[in-house]
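Thanks for coming. Please look at the sequence and the model on the screen, and I will go through a few places in it.

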Amino acid sequence: QTISIAKAGITTVLNSRTSVLAAANPPSGRYDDLKTAQDNIDLQTTILSRFDLIFIVKDVRMYSQDKLIASHIIKVHASADAVSGDSKVSKEENWLKRYIQYCRVECHPRLSESASAKLQDQYVQIRKDMRRQANETGEAAVIPITVRQLEAIVRLSEALAKMKLSHVATENEVNEAVRLFTVSTMDAARSGIHQQVNLTGEMAQAETQIKRRLGIGN
């Protein structure tokens, strides 16, 4: 894709030669379920709208999950020396890297007519749902659904077809791309909207006192 830059009187468009994977923590250090997604994410919509997929990953306190994570981290550190000593991988063994490179070079899929019609209907429905959400809550979603998100779904559909070495992205790829978009960006845009309560003065004071005594997530 491309990146537009307007700084110090210089305006230009540069080619983007790599994907960007970014991670960020909430302002309070932990995701607070008592706050809206806007308060937890605390990033400008102009930044969020540029990411194809946005996932909210919560640190859920579970004994089994904590034990698995701790075991994995310990194994990574314990085998660090062995991995570094055998870091060179032969060209024959590194088949996955070669396969991805081949897909990028040889396949340039485009949406079929039926997939384009399906994607258009899905985008119109998503926009309709977000407008209804804004009318019900009185607030716009933290992540706006614009043409950029439509382009993101197109890129996901074409990427899924490229993984199959197909030159045409069909309705199956569009359905999977919409599913990925729904469980990531759409869930992030909807999060927190059902937790807004009109508090009276006494309720607000009680909430403040409770928050002083309980940690985030308790």
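Which residues make a nonpolar surface patch of about 620 Å²? The patch is made by Trp95, Leu96, Tyr99, Ile100, Tyr102 and Leu165. For a patch, residues need over 30% relative accessible area and no salt bridge, and nonpolar side chains (Val, Leu, Ile, Met, Phe, Trp, Tyr) are joined within 5 Å, like charges within 9 Å. A salt bridge is a side-chain nitrogen of Lys or Arg within 4 Å of a carboxyl oxygen of Asp or Glu. Accessible areas come from the Shrake-Rupley method with a 1.4 Å probe, and for residues only the protein chains shown count as cover.

Some background. This is a predicted model, in which local features need pLDDT of at least 70, side-chain atom pairs count only at pLDDT 80 or more, and totals for chains, interfaces and linings use all residues. Residues are numbered from 1 along each chain as its sequence is written, and side-chain values use heavy atoms, with hydrogens and water left out.

Tyr99 sits in helix α5, residues 95-106. Helices (H or I, at least four residues) and strands (E, at least two) are DSSP runs, numbered from the N terminus. Tyr99 counts as partly exposed because its relative accessibility is 32%; buried means under 20%, exposed over 50%, and partly exposed in between (1.4 Å probe, protein chains only). Leu165 is in the loop between α7 (147-163) and β4 (168-169). Leu165 has a positive phi of about 60 degrees although it is not a glycine.

Ala8 also has a positive phi, near 50 degrees. Ala8 lies in the loop between β1 (2-7) and β2 (10-15), and at 80% relative accessibility it counts as exposed.

Now the inside. The largest nonpolar core has 22 residues. Such a core is a set of buried Ala, Val, Leu, Ile, Met, Phe, Trp, Tyr and Cys residues joined through side-chain atoms within 4.5 Å. Helix α8 gives the most to this core, with 7 residues. Among the members that touch the most others are Ile126, Ile153 and Phe181. Ile153 touches Leu119, Ile126, Ala177, Val178 and Phe181, leaving aside residues up to four places away in sequence; contact means heavy atoms within 4.5 Å.

Last, is Ser49 buried or exposed? Ser49 is buried, with a relative accessible area of 8%. Ser49 is in the loop between α2 (45-48) and α3 (63-78), and its side chain makes a polar contact with the side chain of Arg148 at 3.0 Å. A polar contact is a pair of N or O atoms within 3.5 Å; within protein, one must be able to donate a hydrogen and the other to accept it, and residues adjacent in sequence count only if both atoms are side-chain atoms.
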